[in-house]
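Please keep the sequence and the model at hand while reading.

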Amino acid sequence: MNDSLRHHFSMKHMDYMYNTDNNITLNSSATPGDMNTTGIAQIMIPQELFLMLGLISLVENILVVVAIFKNRNLHSPMYYFICCLAVSDMLVSVSNVVETLFMLLTEHGLLLVTAKMLQHLDNVIDIMICSSVVSSLSFLCTIAADRYITIFYALRYHSIMTTQRAVAIIAVVWLTSITSSSLFIVYHTDNAVIACLVTFFGVTLVFTAVLYLHMFILAHVHSRRIMALHKSRRQATSMKGAITLTILLGVFIICWGPFFLHLILILTCPTNPYCKCYFSHFNLFLILIICNSLIDPLIYAYRSQELRKTLKEIILCSWCFAM
C-alpha cells in the first residue's frame, strides 16, 4: 500500500512504520515484537479485543436506535440527535468489526486479499471513520444548541426547533460529514487534511464550551423566571439534558483527545523522540475511540429513565423470544 498520512485516520491494528519522509506505511508482515524505524516498539493489542469491544458497542448502539424509534415518548428533536450520535458510534463499531474480521480471516488463510481489495476496504473504512468523527462533533454541537434553546427560549422552543427543522439539520450534518470525509480521503496526502480535522475539533469544543458556560452561569436566573410561569418541571428536564450532554462531551474528549493530540504532534514534531514515543501508543488510542462508542449508550440509559425502560423491554422481549 502506498505511504500516506491517511493511515492516521484509519482503525488499523497492524504495525505502522514511519519512513524517512515522516509518512506512514502499513507493514502487513510485521510481528508484535518488531521495531519501527524510530527504534520504538509499537504497543500491540490482540485483535480479538478489538473485535469483542466492537461487537459489544455495535449491539448497544443498535439497541439505542431501536428504543428511540419504538417509544413515541422519545420522538423529540433531542432524541433524534442522540439517535444520530448513536449511528455515528455505530460507524466506528462497524468499521472496526469489519476490518478486524477481514484481518483475522486473512491471517488464518481463509481469505485471499489482493492489493485492489485492500485499497477498496481501506477507502471505505477511512470514510466511515472520518464521517463518524465529523458527525459526532457536529451532533454534540447540535444537541448543545438544542439544550441552549430549551433553557433560554423555553416558551418558543417548539416553534423554533420543529421536527421538520430537526430533520433538515440531521440531513445537512450527514451530507456534510460524508462529503467532507470523501474529500479528506481524496486529498489524504496533504497535511492540510489533518490541520482541518484538528481545527474542526477545536472549534466545536470551543463552541460547545461557550454554550455550556452561558447555560450554567445564567441557568439560576432563568430558572426563577420559568418558575414564575409555573414551568419548573420543563426547566429541570432541560438542565438534566444539558448535564447529560456535558457528560457525553467529557467522555468524547477523554476518548478522542489522545488521537487528536497524535494528529497535532504529527504536524508539529514528527521527528522528536518524545513524540515518536507517543506515536507508539497508537493502538491504545484506537481502543479508547471504540470505548467511546461503548460508553455512550450506557450514558443515555443511565440519564434517561424513559430510554432505560424501553431498553429493558426490548432486552426482555428478545430474551423471551430466544427462549
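The model is predicted: local features need pLDDT of at least 70, side-chain atom pairs count only at pLDDT 80 or more, and totals for chains, interfaces and linings use all residues. Residues are numbered from 1 along each chain as its sequence is written, and side-chain values use heavy atoms, with hydrogens and water left out.

**Packing of α3 and α5**

- Helix α3 covers residues 115-152 and helix α5 covers residues 163-186; helices are DSSP runs of H or I with at least four residues, numbered from the N terminus.
- The two pack at an angle of about 140°, with their axes 8 Å apart; axes are lines fitted to C-alpha atoms over the stretch in contact, and angles run from 0 to 180 degrees between N-to-C directions.
- α3 and α5 are therefore oblique to each other (under 35 degrees is roughly parallel, over 145 roughly antiparallel, 65 to 115 roughly perpendicular, and the rest oblique).
- The crossing of α3 past α5 is right-handed, meaning that the near helix is turned clockwise from the far one by less than a right angle.
- Residues making the contact (heavy atoms within 4.5 Å) include Asn123, Asp126, Ile127 and Cys130 of α3, and Ile169, Ile170, Val173 and Trp174 of α5.
- By class, 11 nonpolar, nine polar and one charged residues make up this contact (Ala, Val, Leu, Ile, Met, Phe, Trp, Tyr, Cys and Pro are nonpolar, Asp, Glu, Lys and Arg charged, and the others, Gly among them, polar).

**Thr142**

- Thr142 lies in helix α3 and is buried, with a relative accessible area of 11% (buried is under 20%, exposed over 50%, partly exposed in between, with a 1.4 Å probe and protein chains only).
- Leaving aside residues up to four places away in sequence, Thr142 touches Phe81, Ile169 and Val173.

**Disulfide**

- The count comes to one disulfide, defined as a pair of cysteine sulfur atoms within 2.5 Å.
- Cys269 and Cys275 form a disulfide, with their sulfur atoms 1.9 Å apart.
- The torsion about the S-S bond of Cys269 and Cys275 is about -80°, so the disulfide is left-handed.
- Cys269 counts as buried at 16% relative accessibility, and Cys275 counts as buried at 7%.

**Other cysteines**

- For Cys83, the closest cysteine sulfur is in Cys84 at 5.7 Å, too far for a bond; Cys83 counts as buried at 8% relative accessibility.
- For Cys255, the closest cysteine sulfur is in Cys291 at 6.3 Å, too far for a bond; Cys255 counts as buried at 3% relative accessibility.
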